[in-house]
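Please go through the model below with me.

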Amino acid sequence: EKLDDNNLRFEAQIILADFFIATDHARAQEPLDKALALALTLNEPPLEGQVLRRKGEVARSLFDFVSARRDLEKASAIFQKAEMLDEKNTCLLNLISVLRELGDHPSSITAAEQVIRNSKITNNFRQEAEALLRLGGTYTIIDQNGRARQHVEDALTIFQEIGDIAGECNALNTLAITYCNEFELKAAEEIYHRSLEIAETISFSQVIGYVIWNLLIAVYHPRGEHEAGLQFLDEMLEEAIMRDDHFLIQMIPLWMSYVLLLLGQFEKTENKLMSLQPDLKESFSDSVYFFVLSRLSYVHLLTEQVDKAMTIRQEILKSVEITDIIDPYIARIAANLADSSLQIGGKEIFEQGLFQIESAMKFYSEISDWVSLADSFTTHAQLHLALFEINGDRTHLDHAYKSSSKAVQLPEKDVEACRLDEYCYTHARVLSALGREDEAEPYLRKAFDRVIQVANNTKDENLRRSWLENVAIHREILAEASSRGWLED
């Protein structure tokens, strides 16, 4: 400031921003805003591009994918005009993942192929490997697992040859996903743990988070090992606290709340979510903040705190636009609101829930998110069943049947779609309402077997009783099973 040199001022703000990008993403925004103003004053487009690239990276890390896409596309265009291929590739590499999150898979593939071509011109092996890895990641989503694994293995080879440990760690994580897609859980688990070991040696926070989440939903949950998953998260949280890892200290309790909710530990879920609130607005995007609020509202209903739940619900409905969803967290908000509708009850609320879940389903279909689709189809069927019980209109049964039929098929498509207790029981209820009792019986049995599988894998008696008795749908499944004599088996 004393030297009155805008170039030095710019460099200082960029250095400060880079420090925060490496330590506390949210705090990078202020120096980046100052750097952007200085770049515009200096009328230096490449400097503007440097800032926009970093702003895109920060937005991505805060799960604000819409803003990330805008900034990264602007930066990429600037570097293209300036013929700065390496800088453009850096933008595109971040953009590939953002486009994938937003469900624009064709653009994600195009961007990856462009980076591969550019990196061959510049002989930048690291960028080539990163592009191959991200290309493989996109192919895992669109059911081209063979192509995905080939690209990821090519990327892994390059990372190992150039000694890029972080890249090797990322590649192993994505490689494990390809094994999950083939339902080879043992191989996937081994690869995930290799990736986790590497990530922990270099304190690679974001990748540690990805591996933790993937192990939880792609290994522990399909096996019905919810308690073991919860213990794993406890261990990872202790390690994160020892490292003072700000990102994981916030994210792991959020994931723990998901497992606790599945297990019927509603008060503990509530406490976890409430403990997150103070830091959420500063640390993440608005959509993440309202997603947590929507989950909290749902849990308040489960603990019979209706006034609190409805206050939060009204705040969300005023603040969040549910139509034409382009943000995955807005889709999750819509799904949580629809689930809450089932707890609140009433024709108007059920119809509102249908609109919300259909908006989420449209988005999940576009991005090929089979797990969220299975959950959403189930909620959709439950809402139509509830409306049928109110007005007797059998068109609701037709809609319920279409949705529940799709939900029970999706576990064959994605190992993570493993909430068979809810999918199968809902489908059995729909079939029974249609008078097709014989067809309903096998699905009811599948639902019962899943409830018992998780119960048998749960050693803590409090958690076990919570799973069996606190979750309403499990009480219903067990009552049906008892009437058929299955509990005696």
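This is a predicted model: local features need pLDDT of at least 70, side-chain atom pairs count only at pLDDT 80 or more; totals for chains, interfaces and linings use all residues.

Residues are numbered from 1 along each chain as its sequence is written, and side-chain values use heavy atoms, with hydrogens and water left out.

Me: How many residues are in the largest nonpolar core?
Reply: A nonpolar core is a set of buried Ala, Val, Leu, Ile, Met, Phe, Trp, Tyr and Cys residues joined through side-chain atoms within 4.5 Å. Buried means under 20% relative accessible area, with a 1.4 Å probe and protein chains only. Tyr192, Ile212, Ile252 and Ile333 have the most contacts inside the largest core, and its residues number 138.

Me: Why is helix 13 largely enclosed by the rest of the structure?
Reply: Helices are DSSP runs (H or I, at least four residues), numbered from the N terminus. Helix 13 covers residues 246-262. It is largely enclosed because, of its 17 residues, the number buried is 14.

Me: Which cysteine sulfur is nearest to that of Cys169?
Reply: A disulfide is a pair of cysteine sulfur atoms within 2.5 Å, and the structure holds 0 of them. Cys169 is therefore in none; the nearest cysteine sulfur is 15 Å away and belongs to Cys180.

Conventions. Buried means under 20% relative accessible area, exposed over 50%, partly exposed in between (1.4 Å probe, protein chains only). Helices (H or I, at least four residues) and strands (E, at least two) are DSSP runs, numbered from the N terminus. The expected span of a helix is 1.5 Å times one less than its number of residues.
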